[in-house]
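The sequence and the structure are shown first.

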Amino acid sequence: MPPFSCWGLPAALLALLCCPGAGENAFEVHMWPEKLAVERRGSWEVNCSTSCAHPEAGGLETSLTKTLLDQRPQWKQYLVSNISQDTVLFCSFTCSGKQLSTMLNISVYQPPKQVILKLKPAWVAAGKSFTIECRVPAVAPLESLTLTLLRGKETLYNETFGGAAPAPQEATATLSTTAHKEDSHSNFSCQAELDLRSRGGGIFRSASEPQILEVYEPMQDNQLVIIVTVVSVLLFLFVTSVLLCFVFGQHWRQKRTGAYGVRAAWRRRPQAYRAQSA
């Protein structure tokens, strides 16, 4: 038998004698839920508990409004109200003179309730560029938001935002692309998705009203030349006809007034002069 094995049992007994109650001092503190995402100015129930059989003191520590709903020696249940910004809750218990605490991070969110899509322009020639703009007026947190631009069910563009903000912010995604003939009368839309699963929440989705793009065929150069030529010829014929009508009208008027002009002058002469002449 190895010499050190003879000291195994005495050493264990010595540890128990020197450290009585060591197992009683080991306890844990928990909070439920472990992660929490709450809509702005919302309320939520939280549970603060411990594994200590007979805790001396304990409870929830927060600057928010809290209401004690129920309690037992090892746990307490609270309603936390009017959560307007990201905050931290602390749960503490004291057992055998030793205090332990744990914390719960609360994320405040505002879902994308309004999604606005615009096509600029909504009437475009094939081969020309147009812009798809998607806008969400107020949403939080931005780093959990994804905007997806769609043509029918086809995904054209995705944009995921980054950076944290203390208040709801406006989010915008734009895509400039070329219009094709097959895009005509297509439904374009935008979907906003707020994914809060990593924060203890769910997924919130909202979509815009579909917008229709009108695409027309651009006029070819030879067609333009033909149209300009036809218009020019018609204009020339019109002007020529007007001039001819004017010239012939004047000529006819002169002939008509020339035949009757002599008679009119003869009638205007004095009677005596006409008699003398006779």
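## Confidence of the model

The structure is a predicted model. Over the protein chain the pLDDT averages 82, and 75% of the residues score at least 70.

## Nonpolar cores

The largest nonpolar core comprises 28 residues, and within it Ile-132, Leu-145 and Leu-147 touch the most other members. Two or more residues are contributed by each of the elements β9 (116-120), β11 (129-139), β12 (145-151), β14 (169-178) and β15 (187-195). The most is given by β11, which supplies five residues.

When residues up to four places away in sequence are not counted, Leu-145 touches Val-139, Glu-159, Thr-160, Phe-161, Ala-171, Ala-192, Glu-193 and Leu-194. Another core, of 20 residues, lies apart from the largest one, and its members include Val-38, Cys-48, Leu-104 and Ile-106.

## Ser-189 in strand β15

Strand β15 also holds Ser-189. Is this residue buried or exposed? Ser-189 counts as buried, because its relative accessibility of 15% falls under the 20% limit for that class.

Neighbours within four places in sequence left aside, Ser-189 is in contact with Leu-117, Thr-148, Leu-149, Leu-150, Ser-208 and Pro-210.

## Salt bridges

Side chains of opposite charge can pair when their charged atoms come close. The whole structure contains nine salt bridges. One of the pairs is Arg-199 with Glu-143, whose closest N and O atoms are 2.5 Å apart. Arg-199 is placed in the loop between β15 and β16 (203-207), whereas Glu-143 is in the loop between β11 and β12, so this pair ties together parts that are 56 residues apart in sequence. Glu-143 is partly exposed, its relative accessible area being 27%.

A further salt bridge joins Arg-205 to Glu-193, with 2.8 Å between the closest N and O atoms. This pair links distant parts of the chain, as Arg-205 belongs to strand β16 and Glu-193 to strand β15, twelve residues apart. Arg-205 is exposed, with a relative accessible area of 54%, while Glu-193 counts as partly exposed at 21% relative accessibility. Glu-193 is also among the residues that Leu-145 touches.

Asp-70 counts as partly exposed at 31% relative accessibility. Arg-72 is partly exposed as well, with a relative accessible area of 45%.

## Nonpolar surface patch

Which residues form a nonpolar patch on the surface? The patch consists of Val-230, Val-233, Leu-234, Phe-236 and Leu-237, which together have about 490 Å² of accessible area.

Val-230, one of these residues, is located in helix α3 (residues 221-268). Its relative accessible area is 43%, and Val-230 is therefore partly exposed, the class between the 20% and 50% limits.

Definitions and conventions:
Residues numbered from 1 in each chain as written. Predicted model: local features only at pLDDT ≥ 70, side-chain atom pairs only at ≥ 80, totals over all residues. Heavy atoms only, no water. Core = buried A, V, L, I, M, F, W, Y, C linked by side-chain atoms within 4.5 Å. Buried < 20%, exposed > 50% of the residue type's maximum accessible area, 1.4 Å probe, protein only. Helix = DSSP H or I, 4+ residues; strand = E, 2+ residues; numbered from the N terminus. Contact = heavy atoms within 4.5 Å. Patch = residues over 30% accessible without salt bridge, like charges linked within 9 Å, V, L, I, M, F, W, Y side chains within 5 Å. Areas by Shrake-Rupley, 256 points an atom, 1.4 Å probe, with all protein chains shown as cover. Salt bridge = Lys/Arg side-chain N within 4 Å of Asp/Glu carboxyl O. pLDDT = per-residue confidence, 0-100.
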